[in-house]
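Subject: Structure handover

Hello,

Here is the structure for you to look through. My notes follow below it.

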Amino acid sequence: MKNNAQKLPDAELDVMLALWDIKTPALRADIGKKLEDTHPMAQTTLLTLLSRLSDKGYLNIIKEGRASLYEPLITKEQYLSEEGKSFFRVLCQGKISSLATALCSSGLTKEDFDELKKLLEENEL
């Protein structure tokens, strides 16, 4: 993973979400099958996105004969952590009040906030 991980465009993030959700290393066909219901795409488009993700340091391409296997180099949790830091630093300008306003306006339920409070109290975050 590159230290300065950048926010992924939606299509690339869709591919990474699929990759994080299946057994890896995975074949292109396995990733395509995972994307089929929610984000179907042409084989050439998927191959382009996989290549871009490799160039950006998000996944490794393993050549096995004529086949290529793909494995993530960053976990979903690492990506979420970087996105969260960026959101707080840039959009909330490092202000907890702005973060709280964003969370309250996001549609989270009282149960969601209760769960967040419990995680904070139990020092699990």
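How much space lies in the largest pocket? About 360 Å³. This is a predicted model, where local features need pLDDT of at least 70 and side-chain atom pairs count only at pLDDT 80 or more, while totals for chains, interfaces and linings use all residues. Residues are numbered from 1 along each chain as its sequence is written, and side-chain values use heavy atoms, with hydrogens and water left out.

A word on the pocket term: on a 1 Å grid over the protein atoms alone, a pocket is an open set of points where a 1.4 Å probe fits, with protein on both sides within 12 Å along at least five of seven lines, and lining residues have an atom within 4 Å of a point. Points are joined across faces, edges and corners, and the volume is the space filled by probe spheres set on them.

Helix H4 (76-91) and helix H5 (96-104) each supply at least two residues of this pocket's lining, and H4 gives the most, with six. (Helices are DSSP runs of H or I with at least four residues, strands are runs of E with at least two, and both are numbered from the N terminus.) Among the lining residues are Leu-80, Lys-85, Phe-87, Ile-96 and Leu-116. The lining divides into seven nonpolar, two polar and two charged residues; Gly counts as polar here.

Next, the core. The largest nonpolar core has 19 residues, and Val-15, Met-16 and Ile-31 have the most contacts inside it. Such a core is a set of buried Ala, Val, Leu, Ile, Met, Phe, Trp, Tyr and Cys residues joined through side-chain atoms within 4.5 Å, with buried meaning under 20% relative accessible area for a 1.4 Å probe, protein chains only. Helices H1 (10-20), H2 (28-35) and H3 (43-55) each supply at least two residues of this core, and H1 gives the most, with six. Leaving aside residues up to four places away in sequence, Val-15 touches Ile-31, Leu-35, Met-41, Leu-46, Leu-49, Leu-50 and Leu-53 (contact means heavy atoms within 4.5 Å).

Finally, the sheet. Three strands form an open antiparallel sheet in the order S1-S3-S2. S1 and S2 stand at the edges with a single partner strand each, so one side of each has no neighbour in the sheet. Strands pair if DSSP finds at least two bridges between them: S1 (residues 26-27) and S3 (residues 67-72) have two, while S2 (residues 59-64) and S3 have six. Tyr-70 in S3 is the bridge partner of Ala-26 and also of Ile-61.

Best wishes

Note on methods:
Buried < 20%, exposed > 50% of the residue type's maximum accessible area, 1.4 Å probe, protein only.
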